[in-house]
Amino acid sequence: MRVATWNINSIRARLDRLVSWLERTTPDVVCLQETKVADDQFPIDRIESAGYRAAIYGQKTYNGVAILSRTTEPGDIECGFDDGLDDDEARCIAATVDTTRIVSAYVPLGTAVGTDKWIYKLEWFRRLISYLDRRYDPDTPLLVCGDLNVAPEDRDVARPDEWRDTVLCHEEGREAMRNLLAWGLVDTMRLHHEGPGPYSWWDYRMLAFPKGNGLRLDHVLATKRLADRCAQAFVDRNERKGKKPSDHAPVVVEFR
């Protein structure tokens, strides 16, 4: 099973690129973030023409997550955390593909440390962990995939001193990430790469990509049952090149 996660940064702006990538690489499951489109505007016909079925949770202009499956129709679809809190941001969707539960998550950026949006980011991590506690068991086959907006360690940042204490590398955010892993998840990329890197995001500004100023913000986390079958993990860096790329590249993980 080949699973990918990709912050597409607007599915409508990147649709031709996405479809071409799906047809060329044929992943079994793709988790998307920042689709930035309401459900009734999601390009379902193009996705299905490429051989995929979709579970979608979107909103106009901002956020939006989806799970694409090449093998079976995604089942038991669940949007949001269902924790009784008033939150209309489309940032989390879960579905079952074959026998594996898949969660596609887009963690808030946090804007600036100490702001209300930073507090919302940290609370969102806590809500995600609480959601996992209520719904799942670490002994079952589960993947949490997405743009988690945290570079977990300095080896995940090409220029650590430049990014230190920002919302992407702050210790509070890294602690939230460690707490998520401690629930019972394994960082699949680190099973195959010691670092530094590989990086999955490069800012559009200041020529970050050609200058190599990248961070690893996109993750495929697996319960041990799946992590033990992880054959390889890599970043498809070529998708950050060319015309109108997303600022993120796909992260691809293969399981035996």
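**Terms and their grounds**

Modeller: I begin with P198, which lies in the loop between β9 and β10. Please keep in mind that this is a predicted model.

Colleague: Why is S10 called buried?
Modeller: The relative accessible area of S10 is 16%, and buried means under 20%; S10 is therefore buried. This residue is found in the loop between β1 and α1. Its phi is positive, about 95°, although S10 is not a glycine.

Colleague: Why is T26 described as partly exposed?
Modeller: T26 has a relative accessible area of 36%. Partly exposed covers the range between the 20% limit for buried and the 50% limit for exposed, so T26 is partly exposed. T26 is found in the loop between α1 and β2, and its phi, near 45°, is a positive value in a residue other than glycine.

Colleague: Why does Q59 count as buried?
Modeller: Q59 has 18% relative accessibility. The cut-off for buried is under 20%, and Q59 therefore counts as buried. Q59 is found in the loop between β3 and β4. Leaving aside neighbours within four places in sequence, Q59 is in contact with K36, V37, A38, D88, E89 and A90.

Colleague: What makes the approach of the Q59 side chain to the side chain of N63 a polar contact?
Modeller: The two side chains are 3.2 Å apart at this contact. A polar contact requires a pair of N or O atoms within 3.5 Å, one able to donate a hydrogen and the other to accept it. The pair from Q59 and N63 is accordingly listed as a polar contact.

Colleague: How do you know that β2 and β4 are paired?
Modeller: Strand β2 (residues 29–33) is joined to strand β4 (residues 65–69) by 5 bridges. Pairing requires at least two bridges, so the two strands pair. They run antiparallel, and the bridge partner of L32 in β4 is A66.

Colleague: What is the order of the strands in the open sheet?
Modeller: The 6 strands are in the order β3-β4-β2-β1-β14-β13, with mixed pairing. What makes β3 (53–57) and β13 (230–235) edge strands is that each pairs on one side only. From one strand to the next, the twist averages 15°. Helix α1 (residues 15–25) packs on this sheet and touches β1 (2–7), β2, β4 and β14 (251–255); the direction of α1 makes about 165° with that of β1.

Colleague: Turning to the helices, why is α3 called roughly parallel to α5?
Modeller: The axes of α3 and α5 come within 10 Å and cross at roughly 5°. Angles under 35 degrees count as roughly parallel, so α3 is roughly parallel to α5. In this contact, α3 contributes W118, L122, F125, L128, I129 and L132, while α5 contributes E172, G173, A176, M177, N179 and L180.

Colleague: Against which elements do the buried residues of α3 pack?
Modeller: They pack against β5 (75–79), β6 (92–97), β7 (100–106), β8 (142–147) and α5 (171–182). Among the buried residues of α3 are W124 and Y131.

Definitions and conventions. Residues are numbered from 1 along each chain as its sequence is written. This is a predicted model: local features need pLDDT of at least 70, side-chain atom pairs count only at pLDDT 80 or more; totals for chains, interfaces and linings use all residues. Side-chain values use heavy atoms; hydrogens and water are left out. Helices (H or I, at least four residues) and strands (E, at least two) are DSSP runs, numbered from the N terminus. Axes are lines fitted to C-alpha atoms, for helices over the stretch in contact, and angles run from 0 to 180 degrees between N-to-C directions. Contact means heavy atoms within 4.5 Å. Buried means under 20% relative accessible area, exposed over 50%, partly exposed in between (1.4 Å probe, protein chains only). Angles under 35 degrees count as roughly parallel, over 145 as roughly antiparallel, 65 to 115 as roughly perpendicular and the rest as oblique.
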